Amino acid sequence: LHMGKTMKEDLTVVVKYIKQLYPAEFNVFSTYAELYHNYFASQAKKNAESHLEDKDVYLLLSWVHNIYPKDMRKDHVLAEELEKVKLGSLLPSSLSQELEKKYLDSEEATIKNSLSKCLDKEIQRWKEDKEPEKLNGHFQSELLAIFVIQSIYSGQKRAKDISGAVGEELSHRLSKELPAFLKSYKDAFEDFKEKSKKHRYYKPILIANINNCWNFRDYTEKNMAEKDGNKASILSTLSDIENSGFDVLLQQLFVQLKPIYKKFTENKWDSSNEIMNEIIKTTSKHISDFRTLKDPFYHAIVEKIHARLVKEYIVRLLKRKVSLKTPGQQQNLAQNISKNAADLEAFCTSNGSQATWLNLALPKLAEIIRLQDLGAIKIEVATLATTYPDIRKRHLEAFLYIKANLSRGELKSILGYLADSTASMLPGAPLFSNINVS
């Protein structure tokens, strides 16, 4: 700093006051500039060849690439004169490259180490007998994502401040750090999930970790190019953590719902409204716990519940437990299914489900049961297959068991509307392909 300040001030005096005292052919400014530069360069070289701490390496590289060529040599008083002198760099390129490598190796190792320590601290926090903090009603551990993202971003910025090339090289090296960190985070999360089921705050900690994914997801979506292979890897790991957490959070609910759903076929669908009310009541108790999830995750888990409720209902309809011979009986069942479907839709929608694609499944199945005209049934089946392309003949055949007044020929004719092969273009969120027909 002293040398730089002295050189800048002295050369300014030469330009303003001394240069004009000499004949032009003396090139007085060039003489001064070269002498100052050579001395400065020799000191820089001497420093570069000695043992330097990491912060000194950074400072020296900043002088070589940034401060000396940009702040000093582009000074408004000196720039025009210095342009004629062609002084070159403070360090030989081989020495400069050696320093850059030393800096990059050190910075990469420091960031890796700090991310590892950060994860260790987070794991330690999970083991404490403490409820995670809440922000705006959501459990979370905000500091984890902030620290990790900040560490990577700050490292990239510091390197970029030296030079664009050094910044690019460090960014390239660090590009695999976030995917690697998140894989370690996922492993630690899985370990906690399996081994800490008796932890007093087990579910709040799971929810906090799902919520943590949001900041990583948001950062990745906004800052990484689509063609960057690491982006897909990061988003995939985050989805794994989120879905793994959802599975545990929903486990108890789905276990409780199973025997309630069995009642539909055990009671021949006679008290289906009461059974549906019981399903809604049971589900409602669990949903209130999920309000501590951030909004995107809350909507995602409610949609998973919505899909499961519809799917389990369809499973009971395909069990071949009820066979109705008269149109009147079929009409009654269709009304019950329509009422159950409406109650289910109202409940899920009021709790934030945006999975509107599920809402047509049960009403369409009810309509197929209600209809008696063969042509009308075929049209309804074709519409159902268009809406849910993953429905197969085995599903429809099991379902049509309910309509005991169909002849073998009529049944064959209706089934002909569906392809046997698995559709190559399944919907983004399949419904029937998740249902096995026994």
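The dialogue below takes helix pairs, then cavities, then pockets.

Q: Before we start, what kind of model is this?

A: This is a predicted model. Keep that in mind as we go.

Q: How do I read the packing of two helices, and at what angle do α6 and α9 pack?

A: Look at the angle between the axes and at the distance between them. Helix α6 (residues 142-162) and helix α9 (residues 202-223) pack at about 25°, and their axes are 7 Å apart. Angles under 35 degrees count as roughly parallel, so α6 is roughly parallel to α9. The crossing in which α6 passes α9 is right-handed.

Q: Which residues of α6 and α9 make the contact?

A: From α6 come Glu142, Leu144, Ala145, Val148, Ile149 and Gln156, while α9 brings Asn212, Asn215, Phe216 and Tyr219. By class, this contact has six nonpolar, three polar and one charged residue.

Q: Now α8 and α9: roughly parallel or roughly antiparallel?

A: Once more, begin with the angle. The axes of helix α8 (residues 177-195) and α9 cross at roughly 170° and come within 11 Å. Angles over 145 degrees count as roughly antiparallel, and α8 and α9 are therefore roughly antiparallel to each other. As for handedness, α8 and α9 have a left-handed crossing.

Q: Which residues of α8 and α9 meet there?

A: On the α8 side you will find Leu178, Phe181, Leu182, Tyr185, Phe189, Phe192 and Lys193. They meet Tyr202, Ile205, Leu206, Asn209, Asn212, Phe216, Tyr219 and Thr220 in α9. The residues of this contact divide into 11 nonpolar, three polar and one charged.

Q: How far apart are the axes of α11 and α12, and at what angle do the helices pack?

A: Helix α11 (residues 272-287) packs against α12 at an angle of about 160°, with the axes 12 Å apart. That makes α11 roughly antiparallel to α12. The crossing of these two helices, α11 and α12, is right-handed.

Q: What makes up the contact of α11 and α12?

A: Met276, Ile279, Thr283 and Ile287 belong to α11, and Tyr298, Ile305, Leu309 and Tyr313 belong to α12. Sorted by class, the contact of α11 with α12 has seven nonpolar residues, one polar and no charged.

Q: Which residues line the largest cavity?

A: Its lining is His306, Val310, Ala341, Leu344, Glu345, Leu358, Asn359, Leu362 and Pro363. At least two of the lining residues come from each of α12 (295-317), α13 (327-350) and α14 (361-370). The largest share, three residues, is from α13. By class, the lining of the largest cavity has six nonpolar, two polar and one charged residue.

Q: And what lines the second largest cavity?

A: Here the lining is Thr265, Trp269, Arg316, Leu317, Arg320, Lys321, Val322 and Ile402. These divide into four nonpolar, one polar and three charged residues.

Q: How should I read the largest pocket, and what is its volume?

A: The largest pocket has a volume of about 510 Å³. It is lined by 18 residues, and those closest to its centre are Glu303, Lys304, Ala307, Arg308 and Asn434. The elements giving two or more residues to this lining are α10 (229-266) and α12. The lining of the largest pocket has nine nonpolar, two polar and seven charged residues.

Q: Which residues lie nearest the centre of the second largest pocket?

A: This pocket has a volume of about 390 Å³. Among its 17 lining residues, Arg125, Pro132, Glu133, Gln140 and Ser141 lie nearest the centre. Two or more lining residues come from each of α5 (93-127), β1 (133-135), α6 and α9. The lining of the second largest pocket divides into six nonpolar, three polar and eight charged residues.

Key: Residues numbered from 1 in each chain as written. Predicted model: local features only at pLDDT ≥ 70, side-chain atom pairs only at ≥ 80, totals over all residues. Heavy atoms only, no water. Axes fitted to C-alpha atoms, helices over the stretch in contact; angles between N-to-C directions. Helix = DSSP H or I, 4+ residues; strand = E, 2+ residues; numbered from the N terminus. Parallel < 35°, antiparallel > 145°, perpendicular 65-115°, else oblique. Left-handed = near helix turned anticlockwise from the far one by under 90°. Contact = heavy atoms within 4.5 Å. Nonpolar A, V, L, I, M, F, W, Y, C, P; charged D, E, K, R; others polar. 1 Å grid on protein atoms, 1.4 Å probe; cavity = no way out; pocket = protein on both sides within 12 Å on 5 of 7 lines; lining within 4 Å. Points joined across faces, edges and corners; volume = space filled by probe spheres on them.
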